[in-house]
Amino acid sequence: MSVIDEVKQRADIVEVVSQYVSLTKSGRTFRALCPFHSEKHPSFFVYPERQSWHCFGACNAGGDVFSFIMKKQGIDFGEALRLLAERVGIAIPSRLEPEARKDERERLYQVNAAAAQYFHNLLLNSPAAKKARDYLARRGLLPKTISDFQLGFSLNSRNALKQYLMERGYSEGELEQAGLIIRQDDGKTHDRFRNKLLFPILDIRGRVPGFGARVLDDSLPKYINSPQTPVFDKSSSLYGINLAAAAIRQQDMAVIVEGYTDVITAHQNGFNNVVASMGTSITEKQVSVLKKLSKIMIFALDADAAGVEAMLRVEKTSTEALDKDVVAVPYRDPSRLSPPLNEAQVRQDQKHQKIIAYVGVPDVEVKVLTLPSGKDPDDVIREDTKAWQNLLEQAFPVVDYTFDMVTSGLDLTTAKDKSLVVDKLLPIIAEIKDMVRQAHYLQKLARLVKVSERNLEAALGKIRASQVRGKVKEPLPKSVTRRLSPLLSSPVEEGCLAWLLQHPELKTHCQGLLAEYFENSENHEIFLAWQQIDNLSSLKEKLDAAVHEHLDSLVTKSLPPTTQAEREDVFASYVLRLREKFLRSLAAKREEVLALEAESGGTAAELAKLKEQGVEVNVQLGEVFAQKSRRR
Ligand SMILES: [Zn+2]
């Protein structure tokens with residue numbers, strides 16, 4: 001599957017559009033005030049089943065998720081593709097990156113590396129960095145560790161870094177893009193990191209995408225990061241991965257902690273397979289990086305509930321990915337937390353609980369290590385490395401951990417608590433894909449509540465059935481609608497383009513072939529570009545590299561040998577079929593809207609307008625049918 005198709009499959013149009021406009025569900029569609037023209041009555045519609053949108057108001061235009069982003073952000077296809085890919089966590093292979101973009105990214109890594117070097121020198125040598133050096137000494141960090149992690153210090157100055165880097169040939173724009181300086185409202189810029197201890201964040205290839213920074217006094221916030229940049233994405237970064245990757249692979253085990261200093265102290269003491277999530281949760285992107293290195297992941301969790309919740313919460317970026325990646329979510333009983341959760345938090349919580357502890361892939365094992373109360377890994381390791389070693393050895397599978405969380409504080413001799421435990425744990429067990437493991441936990445539950453395994457098995461069967469039903473009943477069963485989605489490939493569009501590209505002389509027969517007939521974004525892009533240039537090599541240059549693969553497949557598509565007259569005939573029939581397809585789809589969308597409007601008491605004027613549009617579409621369809629029958 002091409003990267004474009006992958007993005008299409010992952011980027012749900014309803015989710016994407018709702019980031020810009022507030023959508024209201026209405027029948028099988030979603031509607032909103034059009035973001036592209038000003039209106040009082042919503043005539044902008046999103047069709048989840050078709051993965052498309054249409055404005056029946058002044059715009060009278062529509063398209064797919066790419067065209068929406070292009071129009072909304074005012075960017076071209078390639079930029080829209082990269083933006084969406086980023087949002088759904090798909091990496092664009094670097095061979096598809098335009099050269100200019102590669103250079104730009106390369107430049108950002110360079111400027112960050114230069115900044116890291118500058119900060120590191122200051123930490124080692126500047127008198128102003130004494131308090132930072134003292135702080136590190138108090139924490140027992142050795143010179144070698146400080147150098148391994150390239151720790152740094154930033155002066156308390158508005159533009160020391162800016163000046164240093166600009167003298168070395170970096171532009172203000174590059175510094176800003178790298179997130180090293182901040183532009184104020186009045187247009188002036190200043191250094192982002194001032195009077196801070198700096199933790200350069202290196203990727204697995206040893207490049208520097210960004211920085212973490214800590215204050216050296218009691219001011220807040222205690223930590224800041226580089227912002228999101230073309231090279232830095234917090235949700236896919238793992239602190240320490242450059243130094244930990246080899247050990248993780250070798251020991252086939254990754255240990256995930258929360259803080260920079262936890263990682264640093266662990267490494268200084270020989271625990272080299274430790275990395276930190278960048279913030280309170282571990283994301284799918286981070287898990288997928290680790291999965292390539294090891295099959296066992298151990299999460300080090302604070303003993304207090306807040307920490308547990310923070311670390312185990314897995315950011316939900318897409319439901320489809322959840323089936324694939326390891327997902328560990330804590331169970332927590334809202335009534336047992338203090339302070340109690342508010343309503344929104346409970347809802348949020350339930351959403352996460354649905355994802356359920358260890359939905360897991362059979363080939364990865366997630367374990368949990370519980371830290372002594374009030375201590376983080378840094379404290380534990382500094383006090384006694386043996387204690388840390390023991391904690392690692394005692395880490396236990398996340399499902400067992402969830403059993404403990406659920407049952408703690410309950411009285412399992414009472415019927416009420418027994419049924420509570422079964423209600424909470426059975427759905428989790430039902431989610432375990434590995435049958436042996438599932439049986440194991442069913443046994444465990446049966447012993448725990450002293451209920452026969454057979455009874456539990458029957459209940460489990462019901463849950464599985466309802467889980468399956470639940471999936472079908474979902475308002476937007478993505479995997480299903482996506483499969484129905486006509487957007488992934490369109491044989492008529494592609495057939496038409498193949499003829500055009502392989503027989504340039506057909507260009508003179510293109511009257512009546514409109515760009516909007518191409519509903520598939522790549523086809524649309526190719527047709528638009530081809531209207532301007534029909535020379536193949538220039539066409540390729542004009543198109544984004546991500547579209548080249550698709551273009552190649554059209555250019556090499558095998559077509560039957562034909563005479564000039566036959567070709568013209570085949571092509572004319574393609575144009576007609578495209579026009580029919582477009583008009584039919586427009587009519588179907590309009591019908592849905594008309595029905596909704598009539599139901600919800602739309603104003604007479606709007607109904608009349610829609611009907612008028614409908615009449616026009618029908619007239620045009622009539623023309624198509626007439627032409628078709630003449631051809632027969
Ligand atoms: Zn509009």
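**First sheet.** I began with an open sheet of 5 strands, ordered β1-β2-β3-β4-β5 with antiparallel pairing. Its edge strands are β1 (24–26) and β5 (61–63), each pairing on one side only. From one strand to the next the twist averages 25°. I noted the terms: helices (H or I, at least four residues) and strands (E, at least two) are DSSP runs, numbered from the N terminus. Two strands pair if DSSP finds at least two bridges between them.

This is a predicted model: local features need pLDDT of at least 70, side-chain atom pairs count only at pLDDT 80 or more, and totals for chains, interfaces and linings use all residues. Residues are numbered from 1 along each chain as its sequence is written, and side-chain values use heavy atoms, with hydrogens and water left out.

I then took the β2 to β3 pair. Strand β2 (residues 29–32) runs antiparallel to strand β3 (residues 44–47), and 3 bridges join them. Ala32 stands opposite Phe44 in β3. Helix α3 (residues 65–73) packs on this sheet and touches β3, β4 (52–55) and β5. Its direction makes about 50° with that of β4. Helix α27 (residues 564–599) lies across β1, β2, β3 and β4, at about 115° to β3. Contact here means heavy atoms within 4.5 Å. Axes are lines fitted to C-alpha atoms, for helices over the stretch in contact, and angles run from 0 to 180 degrees between N-to-C directions.

Next I looked up an open sheet of 4 strands, with the order β6-β9-β10-β11 and antiparallel pairing. Its edges are β6 (152–154) and β11 (223–225). Neighbouring strands are turned by 30° against each other on average, direction ignored. Strand β9 (residues 196–201) is joined to β6 by 3 bridges. Leu198 in β9 is the bridge partner of Gly152. Helix α6 (residues 130–138) packs on the sheet, touching β6, β9 and β10, and its direction makes about 65° with that of β9. Helix α11 (residues 260–268) lies across β9, β10 and β11, at about 70° to β9.

**Gly210.** Is Gly210 buried or exposed? I found Gly210 buried, with a relative accessible area of 0%. Buried means under 20% relative accessible area, exposed over 50%, partly exposed in between (1.4 Å probe, protein chains only). Gly210 is found in strand β10 (residues 210–215). Not counting residues up to four places away in sequence, Gly210 touches Asn112, Pro200, Ile201, Ser226 and Phe232. Ala115 is 95 residues from Gly210 in sequence, and the two are 10.0 Å apart, C-alpha to C-alpha.

**Helix pair.** In helix α18 (residues 398–407), 8 of the 10 residues are buried. Among them are Val398, Asp400 and Tyr401. Just after α18, Gly409 takes a positive phi of about 85°. The axes of α18 and helix α19 (residues 415–431) come within 10 Å and cross at roughly 165°. That makes α18 roughly antiparallel to α19; the term applies to angles over 145 degrees. I also looked up which residues meet: Thr402, Phe403, Val406 and Thr407 in α18 meet Val421, Lys424, Leu425, Ile428 and Ile429 in α19.

**Whole chain.** Last, I logged the totals. The protein chain has 28 helices and 19 strands. Of its 632 residues, 48% count as buried.

Note on methods: Parallel < 35°, antiparallel > 145°, perpendicular 65-115°, else oblique.
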